[in-house]
Amino acid sequence: MPSPEDALLRFEGPRQWTNFHGTVRTDIAGQWVVENGSASSTMAGMRETAARIQRLIRYAVESGVRLRAMGSRWSFSEVAVVKNGWTLQTDRLNFDFTVGPGSIDPAFAGEREGLRLVQAGCSIAELNRKIESSARPRSLRTSGASNGQTIGGSLGTGIHGSAIDRAGFEGEVLGLQLLTAHSNLWIEHPNFPTLSGDFAARLGATLVRDATLFSAGLVSLGALGVVHAALVQTAPRYLLRSFQRQMSVESVIEAMKRLDFTGVALPKPNQRPYFFQMVVDPAHPNTGYVTVRYQEPCPQDYVTDVALRSGYEAGNDLPGVFSAVLDVVPPLRQAVVSLLLQNRLAPFENKLNTPAETYSYTSSRPGTAGGSIAVPAARLDEALELARQAFVSHANAPAAYACRFTQPSPACLGFTRFDPTCVIDIDGLASTSIIELMEGIRTRFDAAGMPYAQHWGKLHGLTAARVAASHGDRLADWHAARNRLLPTAAERQVFSTDLLQDIGLA
Amino acid sequence: MAAGCLHTKGKRSIFLLVAIISLSGCASHIVFAPLPDGVGAGGQSFRRNQVSILGDRGLSSDGTGYVAKECRSAPLTEVKVKRNFGQTLATLLTLGMVTPVTIEFKCAKASAPPAPAGDHF
């Protein structure tokens, strides 16, 4: 088969690949960069780009080369890349469409307004800008803390945010277009038919309503094919009134376990929070930096403004500098972390912004490290005690942790699988000690029989045993979906990586 | 013995100083567009090494300046000028007459206009 390279699908030779945060460096055999044929969103353009990607997939199968689609390279972990394989850079694929009533299935039971078909390379930032500034403004109901991920990347590993009554971003997806060497599928859940029967044909796709395939595709780890587009539901544009203050962990721990904040001295005690997060400095474990946001209606004439006002908003290389310094002067580590936390988490009251304005840009931060572990919220106190023991054992690790909350993910391999879930994010400055700290936490969880699951896209200690323990009841469905979508060993190999094979997912 | 300790301590201090300078010698200057999400070379920034000789009225390895053809007609969203230890050293040794830097930049994506409401399909 001749190379599929053309003016809109370029191949760039072997190189060292680096992720956005600089935590992964891998030699790859080359990267493919795909573009749409025009700036205007058209269904013909979608069909053309899908066909182009499928030609590449067939070429990869014939060539026996592994292929990874990627967007913003946001993941901290190596999940996004394959050593000596090809990458397919999709971040220029940013078509998006509103969905008119004629394209919606009569049996659709959701809100018809605000459905958005989005191509995989559209970033959260772009999508936020477009939907919040449209003539009938809308907002995403949840997303991550920053907006740099692409839609395709978000569905690769899952992003969870902390909207306490919502699942992660994949919970907002009602359909997705998945490309393999020989199939172009529009996949929906059979219990929630969304788009009409002839819509898939206009995409050049075959409509499939299958619970197993849909659930697997929502967090696909790049292992099922290439996600080309997703249908995202949105809400009428709203505002978030945000507060940040220090509170004792003791005063909120029971409320966090039940996600019931009745009686807690929060800024608006008579209103249920929309978002709740607590950050803790391990050097001061009894004090939490609590961020709480309340949802409010947004005036129609409100003008969403997501533009940066200062370079500091986008982050800077300061943590990278500290990381370099701290590698030379270990005893300063925790003191610097404490200072950074006090600086970045200073109290504030009544900040009123839309979601797009709230979850904004993050600049590359070389020298940072992040891991996330999901636990049942009801067992948060036990989990935090085990984590506290690990922090004591690794007192020099320059890290802090945050507790964030979601409803269970509808994805087969969504790591936020508990009802409800607390995600313990461990973030800090890259060093051997923080890696050891994270493993110390996981080891204690293993020993104590604490149920947990790890974020696929962050620093992890994934093993086949741990994946089986976290997701064992769903692995059969995962493999069944994979075998149906990729019926030959050669196709499955193209969408495999060493990591996925090592942990029993490929 | 005391002299030997001092000698060792002096060496250690110099080593630490060099280590700090080496590790943190990446001066960088950054300019963002107000909406900084752009694209680069396969997801990473475009990167170009540039050497200025004798300053503004002198020579540059890019002549009168580099035109970012990678962006085609799109604007730049982010420009970083970085200098590593070696580049800094070259600048110092030449008293600023030769200043090599690395420039990283990203370009705005071709913006698909929001699709009209109604039955777009």
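**A friendly note on helices and strands in chain A**

1. H5(A) and H12(A) are roughly perpendicular to each other, because angles of 65 to 115 degrees count as such. The axes of H5 (residues 211-218) and H12 (residues 464-485) of chain A come within 9 Å and cross at roughly 100°. Axes are lines fitted to C-alpha atoms, for helices over the stretch in contact, with angles running from 0 to 180 degrees between N-to-C directions.

2. A word on the basis: this is a predicted model, where local features need pLDDT of at least 70, side-chain atom pairs count only at pLDDT 80 or more, and totals for chains, interfaces and linings use all residues. Residues are numbered from 1 along each chain as its sequence is written, while chains are lettered from A and ligands numbered from 1 in the order in which they are written.

3. Now the sheet. In chain A, 8 strands form an open sheet with antiparallel pairing, in the order E18-E15-E17-E16-E20-E21-E19-E22. Helices (H or I, at least four residues) and strands (E, at least two) are DSSP runs numbered from the N terminus, and two strands pair if DSSP finds at least two bridges between them. Strands E18 (348-353) and E22 (453-454) of chain A stand at the edges with a single partner strand each, so one side of each lacks a neighbour in the sheet.

4. Strand E15 (residues 238-248) of chain A pairs with E18(A) in the antiparallel sense over 4 bridges. There, A:Gln244 has A:Phe348 of E18(A) as its bridge partner.

5. Look also at the hairpin of E2(A) and E3(A), which has 6 residues between the strands. A:Gly22 in the turn has a positive phi of about 75°. A:Gln16 stands opposite A:Asp27 in E3(A).

Terms used:
Angles under 35 degrees count as roughly parallel, over 145 as roughly antiparallel, 65 to 115 as roughly perpendicular and the rest as oblique.
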